[in-house]
Amino acid sequence: MTSTIDTIEVKTITGVSAQKLGELHAFGVFTVKDLLEYYPFRYEDYRPRSLSEIKHGDKVTLEAKVIGIPVLQRFGGKSRLSCKMIAEPWMFTATWFNRHYVREQLTVGREIVLIGKWDQKRTQITVTDYEFPDRGEGKTGTLQPVYSVGGKITQSWIRKIINQGLQQFGDMIPEILPHSIMRKYDFMPRKRAIATIHQPVDTREGQQGRRRMVYEELFLFQLKVQSFRVLNRGRMDGVVHTVDNTTVRQFVRSLPFELTDAQKHVELEILHDMRSPYCMNRLLQGDVGSGKTVLAAIALFATVKSGNQGAFMVPTEILAEQHLRSLAKMFEPFGVTVGLLTGSVNGRKRKDLLAALQMGMIDVVIGTHALIQEDVFFRGLGVVVTDEQHRFGVNQRSVLRRKGYNPDVLTMTATPIPRTLAITVFGDMDVSTLSERPKGRIPITTYWVKHDLMERVLKLISREIDQGRQAYLICPLIEESEKLDVQNAIDLHIQMGQAFPNYKVGLLHGRMTPSEKDVVMRAFYSNELQLLISTTVVEVGVDVPNATLMIIMDADRFGLSQLHQLRGRVGRGQNASYCVLVADPKSEIGRERMTAMTETDDGFEISRRDLALRGPGDFFGTKQSGLPEFRLADMTADFEVLEQARDDVAELLRDVAFWTSPDFAPLRNYLQNEQIFQGDLMD
Ligand SMILES: Nc1ncnc2c1ncn2[C@@H]1O[C@H](COP(=O)(O)OP(=O)(O)OP(=O)(O)O)[C@@H](O)[C@H]1O
């Protein structure tokens, strides 16, 4: 096999000593390819500018001439060297701190290039770097890349080594984009693009290089997710579920409500996937309270009635307990057994549960993400239902495959994502959407009040509780300190206890043990507690239909989607519900968020506004762990390129030539080496 830059070790580059090699490894640089793709995050501009165009405080490069005798002052072990200079027609002073040795080199009439910060008031430059043209030094006039460095690796060393790497191996950088794409966008060849990112001749050239490599990165990302979807569909190695319609219908009929049209539609999509021989990889997105859990239940029921087991992976123990209770009730009449596996199930109990799972005595297991790892074995796993936070990545799939399972996967998200964004970022999945909420729900009324109206808010609490309902009070979020969060919650709990001596007031926060939390949640479910003071631990999925009031303190500290999630804890039953945002926002964005919340209760609209306020990068940043880390591309700034790449890839994959023509061999090779395909042959 001929060697390529992704197999040649970086130590073959002249100048990489054994000691430096270790340091490069720490940066994730093992091969020549890794080094050449170690891109700078910005450039230092060494192009000379004229004094007439610079402002106070600018960092500049000036071409000047020494016209004065240097003056050296020493004070307390430090030194300051000043010298008069001229950059025609202006005179100014150049100052060096703690570099007294420069004095010898400053002879009158000598040309010098100074790099440093300009002080307009003193007509002075504080020099950070300098060069003498008569020594033929080379930074002047260039843009110098700035890399992320540390330890024994310095900026100048990495620049030198990358330069050396380009000289030795630059010609071996392979082209990967097909001709058609190169022509369509008039891209420069890959070799030149990579070289110019490290050593841009000028800004335009640098931008062109970046443009091409950003596109390539997003194109390859899209190629990976979309071809995964295409191949997955064609592969036919999933579990074929055989459950018949009558059995499913019996289960659906036993539920205490009729499915909405949207739920019925999604049910068909899920069952269709499950019955087919390919592996289901479906994202179910629906607004808060739209009834996603029952679809999870149908999928789990269908797999059990087809002779398999199901796993339901949820983000918190509170939620695992909640689902255990509700699913056990739904499944009980049909003889479907349910088990719980979370961090707090241990010792003998855990051992027994694992054994029961392996022997097939438990049909459905609910738990946190530890569920599908390490020592957990199933007799036959047919379906995994999970949530967006645990987006079922390549790693989990391969863990399961190694154990001999290839289950259907249903991923649920309560943060609706605008459709274009969903298919761009979740391109490997089929998307189902629950577009309506169950009938009979009264929209939640949302108020935004300032802190000085707290008295009125307290009255609202008593009004609801006196009518037999329950309320949540969410404490402000102090991001820097969980300890302060907890303290806040404890204080508020005491205050509310005093304000409402006749009600039972509960407290829930992240420092409590899972079993302590469970005791409180159970008491709230059964209305033994009327008011629950909590941090955001109730954010996801908690379902207490009798709760009709949600109060969020310092609501401007939360993001829009998170506020919507919290608000979604009420309005889940037949009674009118209210959400009160208590906030005195200081920023415009804070005010916009509050207004948006009072204007709409539609999660799709909220996420559209959230996206507009934050941009796709941040929108996904907090919620999405499944997003790849790009080296150059930025989800916000390069979003249009991502959409373009998505369309180009879709077109390419529709063309049969993609799977056969030599023009696309580099792309097929790329896919084959990706972990996602685990070496499956592309040809
Ligand atoms: N078709 C329906 N008709 C009436 N009630 C329903 C229907 N479907 C679900 N429900 C009820 O609506 C409530 C919310 O459903 P569920 O907990 O599944 O919401 P969800 O989509 O998971 O929301 P979240 O993301 O906020 O947890 C539950 O109490 C559930 O029993």
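Me: Which way does H6 pass H20, left-handed or right-handed?
Reply: H6 makes a right-handed crossing with H20. Keep in mind that this is a predicted model.

Me: OK, and what's the angle there?
Reply: About 45°, with the axes of H6 (residues 203-235) and H20 (residues 639-654) 8 Å apart. Angles under 35 degrees would count as roughly parallel and 65 to 115 as roughly perpendicular, so H6 and H20 are oblique to each other.

Me: Which residues of H6 and H20 make the contact?
Reply: From H6, Val 214, Tyr 215, Leu 218, Phe 219, Gln 222, Leu 223, Gln 226, Ser 227 and Val 230. H20 brings Val 641, Leu 642, Ala 645, Arg 646, Asp 648, Val 649, Ala 650 and Leu 653.

Me: How do those contact residues divide by class?
Reply: Between H6 and H20 there are 12 nonpolar residues, three polar and two charged.

Me: Switching topic. Which domains does the protein have?
Reply: The domain assignment lists domain 1 (47-141), domain 2 (291-413) and domain 3 (444-600).

Me: What separates the centres of domain 1 and domain 3?
Reply: 61 Å, with the centres taken over C-alpha atoms.

Me: Now the ligand. Which residues come nearest?
Reply: Gly 291, Lys 292, Thr 293, Ala 414 and Pro 438, out of 19 residues around the ligand.

Me: And which domains does that shell draw on?
Reply: Domain 2 and domain 3 each give at least three residues to the shell around the ligand.

Me: What's the shell like by class?
Reply: Around the ligand you have nine polar residues, seven nonpolar and three charged.

How values were computed
Residues are numbered from 1 along each chain as its sequence is written. This is a predicted model: local features need pLDDT of at least 70, side-chain atom pairs count only at pLDDT 80 or more; totals for chains, interfaces and linings use all residues. A residue is near a molecule or strand if its C-beta atom, placed from the backbone, lies within 6 Å of it. Ala, Val, Leu, Ile, Met, Phe, Trp, Tyr, Cys and Pro count as nonpolar, Asp, Glu, Lys and Arg as charged, and the others, Gly among them, as polar. Domain bounds come from an automatic or database domain assignment. Axes are lines fitted to C-alpha atoms, for helices over the stretch in contact, and angles run from 0 to 180 degrees between N-to-C directions. Helices (H or I, at least four residues) and strands (E, at least two) are DSSP runs, numbered from the N terminus. Angles under 35 degrees count as roughly parallel, over 145 as roughly antiparallel, 65 to 115 as roughly perpendicular and the rest as oblique. A crossing is left-handed if the near helix is turned anticlockwise from the far one by less than a right angle, and right-handed if clockwise. Two residues are in contact if their C-beta atoms, placed from the backbone, lie within 7 Å.
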